[in-house]
Amino acid sequence: MSPIRGPLLLLARSGRVKRLVSTMPVSAGIVHGYVPGEDTPAAVQATAGLVDDGLRVTLDYLGEDVTDRAQADATVEAYLDLLRELSLRGLTRHAEVSVKLSAIGQAIPDAGAAKVAIENARTICRAARNAGTTVTLDMEDHTTTDRTLAALRELRQDFPETGAVLQAMLHRTEADCRTLAHEGSRVRLCKGAYAEPAEVAFTDKVDIDKSYVRCLKVLLAGQGYPMIATHDPRMIDIASSLASRYGRAQGTYEFQMLYGIRPDEQKRLAEDGESVRTYVPYGVEWYGYLMRRLAERPANLAFFARSLVSK
Ligand code: FDA
(Lines give C-alpha, C1' and ligand atoms only; values in the text may rest on other atoms or scores of the structure.)
Protein backbone atom coordinates (compact mmCIF):
# COMPACT_ATOMS: atom_id res chain seq x y z
CA MET A 1 0.00 0.00 0.00
CA SER A 2 1.24 3.54 -0.74
CA PRO A 3 3.14 5.13 2.19
CA ILE A 4 1.14 8.32 1.65
CA ARG A 5 -2.23 6.59 2.21
CA GLY A 6 -2.12 6.85 6.02
CA PRO A 7 -1.26 10.58 6.17
CA LEU A 8 -3.94 11.39 3.54
CA LEU A 9 -6.57 9.46 5.50
CA LEU A 10 -5.57 11.38 8.63
CA LEU A 11 -5.97 14.64 6.68
CA ALA A 12 -9.45 13.43 5.63
CA ARG A 13 -10.44 13.94 9.28
CA SER A 14 -8.65 17.29 9.73
CA GLY A 15 -11.04 20.19 10.34
CA ARG A 16 -8.30 22.77 9.68
CA VAL A 17 -7.28 21.48 6.26
CA LYS A 18 -10.92 20.97 5.41
CA ARG A 19 -11.66 24.65 6.11
CA LEU A 20 -8.67 25.63 4.01
CA VAL A 21 -9.69 23.78 0.84
CA SER A 22 -13.47 23.52 1.15
CA THR A 23 -14.13 26.96 -0.30
CA MET A 24 -13.20 25.50 -3.67
CA PRO A 25 -16.42 24.93 -5.69
CA VAL A 26 -17.20 21.44 -6.97
CA SER A 27 -16.84 22.74 -10.51
CA ALA A 28 -13.13 23.38 -9.91
CA GLY A 29 -10.40 21.01 -10.95
CA ILE A 30 -10.23 17.48 -9.73
CA VAL A 31 -13.27 17.61 -7.44
CA HIS A 32 -15.54 17.70 -10.47
CA GLY A 33 -14.09 14.40 -11.67
CA TYR A 34 -15.43 12.62 -8.59
CA VAL A 35 -18.47 14.74 -7.62
CA PRO A 36 -20.88 15.85 -10.36
CA GLY A 37 -22.41 18.79 -8.47
CA GLU A 38 -23.53 20.44 -5.28
CA ASP A 39 -27.33 20.19 -5.36
CA THR A 40 -30.34 18.05 -6.25
CA PRO A 41 -30.66 19.26 -9.88
CA ALA A 42 -27.00 18.41 -10.54
CA ALA A 43 -27.38 14.98 -8.92
CA VAL A 44 -30.56 14.22 -10.88
CA GLN A 45 -28.95 15.35 -14.14
CA ALA A 46 -25.93 13.09 -13.54
CA THR A 47 -28.28 10.21 -12.71
CA ALA A 48 -30.28 10.69 -15.90
CA GLY A 49 -27.07 10.60 -17.97
CA LEU A 50 -25.85 7.40 -16.33
CA VAL A 51 -29.25 5.73 -16.70
CA ASP A 52 -29.20 6.66 -20.42
CA ASP A 53 -25.88 4.79 -20.59
CA GLY A 54 -27.54 1.63 -19.21
CA LEU A 55 -26.26 2.03 -15.65
CA ARG A 56 -28.04 2.05 -12.31
CA VAL A 57 -27.19 4.63 -9.67
CA THR A 58 -26.92 5.06 -5.91
CA LEU A 59 -26.72 8.64 -4.64
CA ASP A 60 -24.88 9.89 -1.56
CA TYR A 61 -25.60 13.37 -0.21
CA LEU A 62 -22.10 14.15 1.02
CA GLY A 63 -21.48 14.77 4.71
CA GLU A 64 -20.13 12.82 7.65
CA ASP A 65 -19.28 13.22 11.34
CA VAL A 66 -22.11 15.73 11.73
CA THR A 67 -22.22 16.85 15.35
CA ASP A 68 -25.29 19.10 15.46
CA ARG A 69 -28.93 18.20 15.16
CA ALA A 70 -29.86 20.97 12.71
CA GLN A 71 -27.28 19.80 10.18
CA ALA A 72 -28.41 16.18 10.56
CA ASP A 73 -32.00 17.28 9.90
CA ALA A 74 -30.88 19.31 6.87
CA THR A 75 -29.24 16.16 5.47
CA VAL A 76 -32.50 14.24 5.88
CA GLU A 77 -34.31 17.05 4.03
CA ALA A 78 -31.77 16.87 1.22
CA TYR A 79 -32.47 13.13 0.78
CA LEU A 80 -36.23 13.73 0.80
CA ASP A 81 -35.86 16.44 -1.84
CA LEU A 82 -33.66 14.15 -3.94
CA LEU A 83 -36.10 11.23 -3.72
CA ARG A 84 -39.00 13.53 -4.74
CA GLU A 85 -37.11 14.76 -7.80
CA LEU A 86 -35.91 11.29 -8.82
CA SER A 87 -39.48 10.06 -8.56
CA LEU A 88 -40.85 12.98 -10.60
CA ARG A 89 -38.29 12.22 -13.33
CA GLY A 90 -39.20 8.50 -13.28
CA LEU A 91 -35.67 7.58 -12.19
CA THR A 92 -36.32 5.60 -8.99
CA ARG A 93 -36.56 2.33 -10.90
CA HIS A 94 -32.84 2.73 -11.59
CA ALA A 95 -31.62 4.86 -8.68
CA GLU A 96 -31.47 4.34 -4.92
CA VAL A 97 -29.72 6.25 -2.11
CA SER A 98 -26.71 5.55 0.12
CA VAL A 99 -26.69 7.03 3.62
CA LYS A 100 -23.94 7.49 6.22
CA LEU A 101 -25.38 7.24 9.72
CA SER A 102 -22.81 9.78 10.97
CA ALA A 103 -24.38 12.33 8.61
CA ILE A 104 -27.83 11.97 10.13
CA GLY A 105 -27.18 11.86 13.87
CA GLN A 106 -24.94 8.95 14.91
CA ALA A 107 -21.97 11.28 15.58
CA ILE A 108 -23.85 13.78 17.77
CA PRO A 109 -22.07 13.75 21.15
CA ASP A 110 -25.13 12.81 23.12
CA ALA A 111 -26.47 9.58 24.62
CA GLY A 112 -29.50 9.66 22.29
CA ALA A 113 -27.43 9.87 19.08
CA ALA A 114 -28.10 6.30 17.93
CA LYS A 115 -31.84 6.83 18.35
CA VAL A 116 -31.76 10.10 16.37
CA ALA A 117 -29.80 8.41 13.57
CA ILE A 118 -32.24 5.49 13.39
CA GLU A 119 -35.29 7.75 13.39
CA ASN A 120 -33.75 9.85 10.62
CA ALA A 121 -32.80 6.72 8.65
CA ARG A 122 -36.37 5.48 9.08
CA THR A 123 -37.69 8.75 7.56
CA ILE A 124 -35.39 8.31 4.54
CA CYS A 125 -36.29 4.60 4.18
CA ARG A 126 -40.02 5.47 4.23
CA ALA A 127 -39.56 8.15 1.55
CA ALA A 128 -37.46 5.76 -0.54
CA ARG A 129 -40.08 3.04 -0.30
CA ASN A 130 -42.85 5.49 -1.25
CA ALA A 131 -40.77 6.50 -4.25
CA GLY A 132 -40.32 2.84 -5.21
CA THR A 133 -36.66 2.48 -4.27
CA THR A 134 -34.24 1.46 -1.52
CA VAL A 135 -31.60 2.68 0.93
CA THR A 136 -28.14 1.23 1.53
CA LEU A 137 -26.27 2.15 4.73
CA ASP A 138 -22.66 3.13 4.01
CA MET A 139 -20.04 1.75 6.42
CA GLU A 140 -17.64 4.11 8.19
CA ASP A 141 -14.58 3.34 10.34
CA HIS A 142 -14.46 0.17 12.45
CA THR A 143 -15.61 1.92 15.64
CA THR A 144 -19.03 2.31 14.01
CA THR A 145 -19.48 -1.20 12.54
CA ASP A 146 -21.46 -2.71 15.43
CA ARG A 147 -23.74 0.33 15.69
CA THR A 148 -24.35 0.39 11.93
CA LEU A 149 -25.20 -3.33 11.82
CA ALA A 150 -27.48 -2.89 14.86
CA ALA A 151 -29.23 -0.03 13.03
CA LEU A 152 -29.54 -2.25 9.95
CA ARG A 153 -31.24 -5.00 11.99
CA GLU A 154 -33.67 -2.48 13.45
CA LEU A 155 -34.46 -0.80 10.12
CA ARG A 156 -34.94 -4.15 8.38
CA GLN A 157 -37.82 -4.96 10.72
CA ASP A 158 -39.91 -2.33 8.89
CA PHE A 159 -37.85 -1.95 5.71
CA PRO A 160 -36.36 -5.38 4.89
CA GLU A 161 -35.13 -4.04 1.55
CA THR A 162 -32.47 -1.91 3.34
CA GLY A 163 -28.90 -2.85 2.40
CA ALA A 164 -25.53 -2.40 4.10
CA VAL A 165 -21.84 -2.18 3.25
CA LEU A 166 -19.16 -4.56 4.57
CA GLN A 167 -15.43 -3.85 4.31
CA ALA A 168 -13.15 -6.76 3.40
CA MET A 169 -10.19 -5.13 5.15
CA LEU A 170 -11.70 -5.82 8.59
CA HIS A 171 -10.91 -9.19 10.21
CA ARG A 172 -14.55 -9.57 11.27
CA THR A 173 -16.06 -9.17 7.81
CA GLU A 174 -16.01 -12.77 6.59
CA ALA A 175 -18.12 -13.67 9.64
CA ASP A 176 -20.40 -10.67 9.03
CA CYS A 177 -20.86 -11.86 5.43
CA ARG A 178 -22.00 -15.27 6.73
CA THR A 179 -24.52 -13.57 9.01
CA LEU A 180 -25.86 -11.41 6.19
CA ALA A 181 -25.82 -13.91 3.29
CA HIS A 182 -29.49 -14.76 3.79
CA GLU A 183 -32.46 -14.38 1.49
CA GLY A 184 -33.64 -10.80 1.02
CA SER A 185 -30.36 -9.37 2.27
CA ARG A 186 -28.46 -6.81 0.16
CA VAL A 187 -24.75 -6.52 0.94
CA ARG A 188 -22.32 -4.17 -0.80
CA LEU A 189 -18.84 -5.60 -0.43
CA CYS A 190 -15.97 -3.10 -0.68
CA LYS A 191 -12.32 -3.23 0.41
CA GLY A 192 -12.64 -0.40 2.96
CA ALA A 193 -11.56 3.22 2.70
CA TYR A 194 -10.56 4.12 6.27
CA ALA A 195 -7.21 4.04 8.13
CA GLU A 196 -7.68 1.06 10.45
CA PRO A 197 -5.32 -0.39 13.08
CA ALA A 198 -3.70 -3.81 12.56
CA GLU A 199 -5.61 -5.17 15.60
CA VAL A 200 -8.85 -5.10 13.62
CA ALA A 201 -7.85 -4.93 9.96
CA PHE A 202 -5.61 -6.40 7.28
CA THR A 203 -3.18 -3.67 6.33
CA ASP A 204 -1.40 -5.35 3.42
CA LYS A 205 -3.07 -5.11 -0.02
CA VAL A 206 -2.53 -8.82 -0.73
CA ASP A 207 -4.26 -9.79 2.53
CA ILE A 208 -7.14 -7.37 1.87
CA ASP A 209 -7.60 -8.86 -1.62
CA LYS A 210 -7.56 -12.42 -0.22
CA SER A 211 -10.19 -11.43 2.33
CA TYR A 212 -12.24 -9.80 -0.45
CA VAL A 213 -12.24 -13.10 -2.37
CA ARG A 214 -13.24 -15.13 0.73
CA CYS A 215 -16.10 -12.70 1.36
CA LEU A 216 -17.17 -12.84 -2.30
CA LYS A 217 -17.38 -16.64 -2.03
CA VAL A 218 -19.62 -16.42 1.03
CA LEU A 219 -21.92 -13.82 -0.52
CA LEU A 220 -22.15 -15.39 -3.99
CA ALA A 221 -22.76 -18.86 -2.52
CA GLY A 222 -25.41 -17.41 -0.20
CA GLN A 223 -29.05 -16.46 -0.72
CA GLY A 224 -28.79 -12.66 -0.65
CA TYR A 225 -28.11 -10.06 -3.34
CA PRO A 226 -24.35 -9.34 -3.49
CA MET A 227 -23.28 -5.87 -4.62
CA ILE A 228 -19.66 -6.17 -5.72
CA ALA A 229 -18.15 -2.72 -5.17
CA THR A 230 -14.65 -2.55 -6.60
CA HIS A 231 -12.68 -1.06 -9.50
CA ASP A 232 -10.05 -3.76 -9.25
CA PRO A 233 -9.90 -5.71 -12.56
CA ARG A 234 -8.70 -8.85 -10.72
CA MET A 235 -11.54 -8.79 -8.22
CA ILE A 236 -14.05 -8.23 -11.05
CA ASP A 237 -12.71 -11.25 -13.00
CA ILE A 238 -12.74 -13.44 -9.89
CA ALA A 239 -16.28 -12.33 -9.03
CA SER A 240 -17.47 -13.22 -12.55
CA SER A 241 -15.89 -16.70 -12.32
CA LEU A 242 -17.34 -17.29 -8.86
CA ALA A 243 -20.79 -16.16 -10.03
CA SER A 244 -20.66 -18.86 -12.75
CA ARG A 245 -19.30 -21.45 -10.29
CA TYR A 246 -22.20 -20.81 -7.89
CA GLY A 247 -24.79 -20.81 -10.71
CA ARG A 248 -25.65 -17.13 -10.34
CA ALA A 249 -27.38 -15.66 -13.40
CA GLN A 250 -26.62 -12.05 -14.39
CA GLY A 251 -28.97 -9.78 -12.46
CA THR A 252 -28.86 -11.88 -9.28
CA TYR A 253 -25.88 -9.76 -8.19
CA GLU A 254 -24.46 -6.45 -9.38
CA PHE A 255 -21.16 -4.64 -9.85
CA GLN A 256 -20.74 -1.18 -8.37
CA MET A 257 -18.14 1.53 -8.96
CA LEU A 258 -17.69 5.15 -7.95
CA TYR A 259 -18.64 8.09 -10.19
CA GLY A 260 -15.70 9.12 -12.35
CA ILE A 261 -13.63 5.98 -11.76
CA ARG A 262 -13.22 3.56 -14.69
CA PRO A 263 -16.37 4.86 -16.45
CA ASP A 264 -15.55 2.88 -19.62
CA GLU A 265 -15.33 -0.35 -17.63
CA GLN A 266 -18.70 0.43 -16.03
CA LYS A 267 -20.26 0.74 -19.50
CA ARG A 268 -18.42 -2.32 -20.83
CA LEU A 269 -19.76 -4.54 -18.03
CA ALA A 270 -23.28 -3.19 -18.59
CA GLU A 271 -22.98 -3.88 -22.34
CA ASP A 272 -21.94 -7.45 -21.46
CA GLY A 273 -25.30 -7.83 -19.70
CA GLU A 274 -24.14 -7.29 -16.12
CA SER A 275 -26.08 -5.08 -13.72
CA VAL A 276 -23.81 -2.16 -12.90
CA ARG A 277 -24.49 0.64 -10.44
CA THR A 278 -22.56 3.90 -10.18
CA TYR A 279 -22.19 5.51 -6.75
CA VAL A 280 -22.80 9.24 -7.22
CA PRO A 281 -21.76 11.53 -4.35
CA TYR A 282 -22.95 15.13 -4.50
CA GLY A 283 -23.09 18.21 -2.26
CA VAL A 284 -20.67 20.75 -0.86
CA GLU A 285 -19.18 18.47 1.84
CA TRP A 286 -16.86 16.74 -0.62
CA TYR A 287 -13.64 17.10 1.37
CA GLY A 288 -13.49 13.77 3.29
CA TYR A 289 -14.72 11.83 0.26
CA LEU A 290 -12.12 13.37 -2.05
CA MET A 291 -9.27 12.75 0.41
CA ARG A 292 -10.18 9.04 0.59
CA ARG A 293 -10.14 8.84 -3.22
CA LEU A 294 -6.75 10.60 -3.34
CA ALA A 295 -5.43 8.16 -0.72
CA GLU A 296 -6.35 5.31 -3.11
CA ARG A 297 -4.79 7.09 -6.07
CA PRO A 298 -1.88 9.30 -4.92
CA ALA A 299 -1.03 9.87 -8.62
CA ASN A 300 -3.93 12.36 -8.61
CA LEU A 301 -2.37 14.46 -5.84
CA ALA A 302 -0.45 16.64 -8.30
CA PHE A 303 -3.72 17.49 -10.16
CA PHE A 304 -5.35 18.33 -6.83
CA ALA A 305 -2.47 20.59 -5.78
CA ARG A 306 -2.65 22.38 -9.13
CA SER A 307 -6.41 22.98 -8.84
CA LEU A 308 -5.83 24.49 -5.37
CA VAL A 309 -3.15 26.85 -6.68
CA SER A 310 -5.36 28.02 -9.56
CA LYS A 311 -8.29 28.66 -7.16
P1 FDA B 1 -8.03 -0.69 -5.22
O2 FDA B 1 -8.00 0.58 -4.41
O3 FDA B 1 -7.08 -1.78 -4.87
O4 FDA B 1 -7.87 -0.25 -6.75
C5 FDA B 1 -7.90 -1.17 -7.82
C6 FDA B 1 -7.79 -0.45 -9.15
O7 FDA B 1 -8.92 0.40 -9.37
C8 FDA B 1 -6.60 0.47 -9.27
O9 FDA B 1 -5.44 -0.22 -9.62
C10 FDA B 1 -7.06 1.46 -10.32
O11 FDA B 1 -6.95 0.88 -11.59
C12 FDA B 1 -8.53 1.63 -10.00
N13 FDA B 1 -8.79 2.77 -9.06
C14 FDA B 1 -9.02 2.67 -7.73
N15 FDA B 1 -9.22 3.90 -7.19
C16 FDA B 1 -9.09 4.80 -8.19
C17 FDA B 1 -9.21 6.24 -8.26
N18 FDA B 1 -9.47 6.98 -7.19
N19 FDA B 1 -9.04 6.83 -9.46
C20 FDA B 1 -8.79 6.07 -10.57
N21 FDA B 1 -8.67 4.71 -10.56
C22 FDA B 1 -8.83 4.09 -9.39
N23 FDA B 1 -15.59 2.23 1.51
C24 FDA B 1 -15.96 2.22 2.80
O25 FDA B 1 -15.11 2.12 3.69
N26 FDA B 1 -17.30 2.34 3.14
C27 FDA B 1 -18.28 2.42 2.20
O28 FDA B 1 -19.46 2.51 2.55
C29 FDA B 1 -17.89 2.39 0.82
N30 FDA B 1 -18.83 2.45 -0.17
C31 FDA B 1 -18.43 2.22 -1.47
C32 FDA B 1 -19.39 2.10 -2.48
C33 FDA B 1 -19.00 1.79 -3.77
C34 FDA B 1 -20.03 1.62 -4.82
C35 FDA B 1 -17.61 1.62 -4.08
C36 FDA B 1 -17.15 1.27 -5.47
C37 FDA B 1 -16.67 1.78 -3.11
C38 FDA B 1 -17.06 2.09 -1.80
N39 FDA B 1 -16.10 2.27 -0.81
C40 FDA B 1 -16.52 2.31 0.51
C41 FDA B 1 -14.67 2.47 -1.16
C42 FDA B 1 -13.88 1.18 -1.13
O43 FDA B 1 -13.75 0.71 0.18
C44 FDA B 1 -12.46 1.38 -1.70
O45 FDA B 1 -11.79 2.30 -0.93
C46 FDA B 1 -12.44 1.83 -3.15
O47 FDA B 1 -13.44 1.22 -3.90
C48 FDA B 1 -11.08 1.46 -3.79
O49 FDA B 1 -10.88 0.07 -3.72
P50 FDA B 1 -10.92 -0.89 -5.01
O51 FDA B 1 -11.71 -2.09 -4.64
O52 FDA B 1 -11.42 -0.16 -6.17
O53 FDA B 1 -9.44 -1.40 -5.17
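Start with strand 5, helix 9 (residues 205-221) and strand 6: together they make a right-handed β-α-β unit. Helices (H or I, at least four residues) and strands (E, at least two) are DSSP runs, numbered from the N terminus. A crossover is right-handed if, with the strands pointing away from the viewer, the path from the first strand over the helix to the second runs clockwise.

Before moving on, note what is loaded. This is a predicted model: local features need pLDDT of at least 70, side-chain atom pairs count only at pLDDT 80 or more, and totals for chains, interfaces and linings use all residues. Residues are numbered from 1 along each chain as its sequence is written. The protein chain averages a pLDDT of 92, and 93% of the residues score at least 70; pLDDT is the predictor's confidence in each residue, from 0 to 100. The model scores are ipTM 0.96 and pTM 0.94.

**Stop 1: strands 5 and 6**

Select strand 5 and strand 6. They run parallel and are joined by four bridges. Two strands pair if DSSP finds at least two bridges between them. Pick arginine 188; opposite it, in strand 6, stands methionine 227. Now colour strand 6 by burial. Four of its five residues are buried, so the strand is mostly covered. A residue is buried if 20 or more other C-beta atoms lie within 10 Å of its own, exposed if 12 or fewer, and partly exposed in between, with C-beta atoms placed from the backbone.

**Stop 2: on to strand 7**

Strand 6 (residues 225-229) runs parallel to strand 7, with three bridges between them. Next, select isoleucine 228: its bridge partner in strand 7 is phenylalanine 255.

How many residues of strand 7 are buried? Four of the five are, so strand 7 is largely enclosed by the rest of the structure. In a regular strand the side chains alternate between the two faces of the sheet.

**Stop 3**

Select arginine 248. This residue lies in the loop between helix 10 (233-245) and strand 7 (254-258). Is arginine 248 buried or partly exposed? Arginine 248 is partly exposed, because 16 other C-beta atoms lie within 10 Å. Leaving aside neighbours within four places in sequence, arginine 248 is in contact with Leu220, Ala243 and Tyr253. Contact means C-beta atoms, placed from the backbone, within 7 Å. Draw a distance to alanine 221 as well: the two C-alpha atoms are separated by 8.5 Å, and the residues are 27 apart along the chain.

**Stop 4: strand 8**

Strand 7 pairs with strand 8 in the parallel sense over four bridges. Glutamine 256 stands opposite arginine 277 in strand 8. Helix 11 (residues 263-271) carries the chain from strand 7 to strand 8, and this β-α-β crossover is right-handed.

Between strand 7 and helix 11 is a loop that holds arginine 262. Check its backbone: arginine 262 has a positive phi of about 50° although it is not a glycine. Arginine 262 counts as partly exposed, because it has 16 C-beta neighbours inside 10 Å.

Aspartate 65 is also worth a look. Find it in the loop between strand 1 (56-61) and helix 5 (69-88). Aspartate 65 has a positive phi of about 50° although it is not a glycine. With 15 C-beta neighbours inside 10 Å, it counts as partly exposed.

**Stop 5: the ligand**

Centre on the ligand. It is surrounded by 22 residues, and the closest are Asp138, Cys190, Ala193, Thr230 and His231. A residue is near a molecule or strand if its C-beta atom, placed from the backbone, lies within 6 Å of it. Strand 4 (163-167), strand 5 (186-190), strand 7 and helix 12 (287-296) each supply at least two residues of this shell. Which element gives the largest share? Strand 7 does, with three residues.

Now show helix 12. Eight of its 10 residues are buried, among them Tyr287, Gly288, Arg293 and Ala295.

**Stop 6: the core**

Finish with the largest nonpolar core, which has 86 residues. Such a core is a set of buried Ala, Val, Leu, Ile, Met, Phe, Trp, Tyr and Cys residues joined through C-beta atoms within 7 Å. Val99, Ala121, Ile124 and Leu189 have the most contacts inside it. Select alanine 121: not counting residues up to four places away in sequence, alanine 121 touches Val99, Leu101, Ile104, Ala151 and Leu155.

How values were computed. Contact = placed C-beta atoms within 7 Å.
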